[in-house]
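Hi everyone, thanks for making time.

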Amino acid sequence: MTGSITLTMIKPYAVQNGYTGPILAKINEAGFRIIAMKYLQMTLQQAKDFYKVHEGQNFYPRLVEFMSSGPVVAAILEKKNAVQDYRKLIGATDPLKAEEGTLRKLFGASIEKNAVHGSDSDENANVEADFFFSKLERFQLMD
Ligand code: GDP
């Protein structure tokens, strides 16, 4: 059965600290299917484009600088209720406020270095998936 999608990024801090494997394992254990994945470093302009909705916020310049400071792992995850279920798995934006066992609690260091990104709506999930992946880079896995 196919479900809906969400877009995740493992952020530079988490990649640099060797958390890519442990985070991907948690994603699999939680029942998400990885239907597309790549390891890349965004340019400053790409990070600005990705986070365009936050343009004008005081944290925006630091956010885009940080997100382009090193490689990230971007992936499209599929599951029934993917957006909401993944937001539950990652926890609150601020790791200090995130529930025990969530990815941001386990692997995040601060509100900026909060380990992972997760889409906040189905509409944004599709926009964000298209930002990183073409149709040829997505794979529908068999049940
Ligand atoms: P998310 O959907 O939980 O990732 O949160 P938002 O979409 O509101 O913000 C995007 C990202 O910007 C977050 O994941 C944080 O890394 C960063 N961010 C959000 N709010 C703040 C803030 O108040 N201060 C700082 N330094 N970073 C923030």
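Predicted model: local features only at pLDDT ≥ 70, side-chain atom pairs only at ≥ 80, totals over all residues.

I'll talk about the ligand and its surroundings, then turn to the aromatic rings.

Okay, the ligand. Where does it sit? In the largest pocket. And which residues are around the ligand? We've got Lys11, His54, Phe59, Leu63 and Arg87, then Thr93, Arg104, Ile111, Glu112 and Asn114. If you sort that shell by type, you get 4 charged, 3 polar and 3 nonpolar residues.

Some of these come with polar distances to ligand oxygen atoms. For Thr93, a polar side-chain atom lies 2.6 Å from a ligand oxygen. With Asn114, a side-chain N or O atom is 2.9 Å from an oxygen atom of the ligand, and for Arg104 that kind of distance is 3.0 Å. How much of the ligand does the protein bury? On its own the ligand exposes 550 Å², and 77% of that is buried by the protein.

Now the rings. Searching the whole structure turns up 8 aromatic pairs. Take Tyr13 and Tyr19: their centres are 6.4 Å apart with 65 degrees between the planes, an edge-to-face pair. Tyr19 has 24% relative accessibility, so it counts as partly exposed.

Then there's Phe50 with Tyr51. Why do we call that pair edge-to-face? Because the planes are at 75 degrees, and the cut-off for edge-to-face is over 60. Their ring centres are 5.0 Å apart. Buried or exposed? Phe50 and Tyr51 are both buried. They also belong to a cluster linked by ring pairs, together with Phe131, Phe132 and Phe133.

That's my bit, happy to take questions.

Methods
Residues numbered from 1 in each chain as written. Heavy atoms only, no water. Near = heavy atom within 4 Å. Polar contact = N/O pair within 3.5 Å; in protein donor to acceptor, adjacent residues only side chain to side chain. Areas by Shrake-Rupley, 256 points an atom, 1.4 Å probe, with all protein chains shown as cover. 1 Å grid on protein atoms, 1.4 Å probe; cavity = no way out; pocket = protein on both sides within 12 Å on 5 of 7 lines; lining within 4 Å. Sits in = over half its atoms within 2 Å of the grid points. Nonpolar A, V, L, I, M, F, W, Y, C, P; charged D, E, K, R; others polar. Phe/Tyr/Trp six-rings, centres within 6.5 Å; stacked < 30°, edge-to-face > 60°. Buried < 20%, exposed > 50% of the residue type's maximum accessible area, 1.4 Å probe, protein only.
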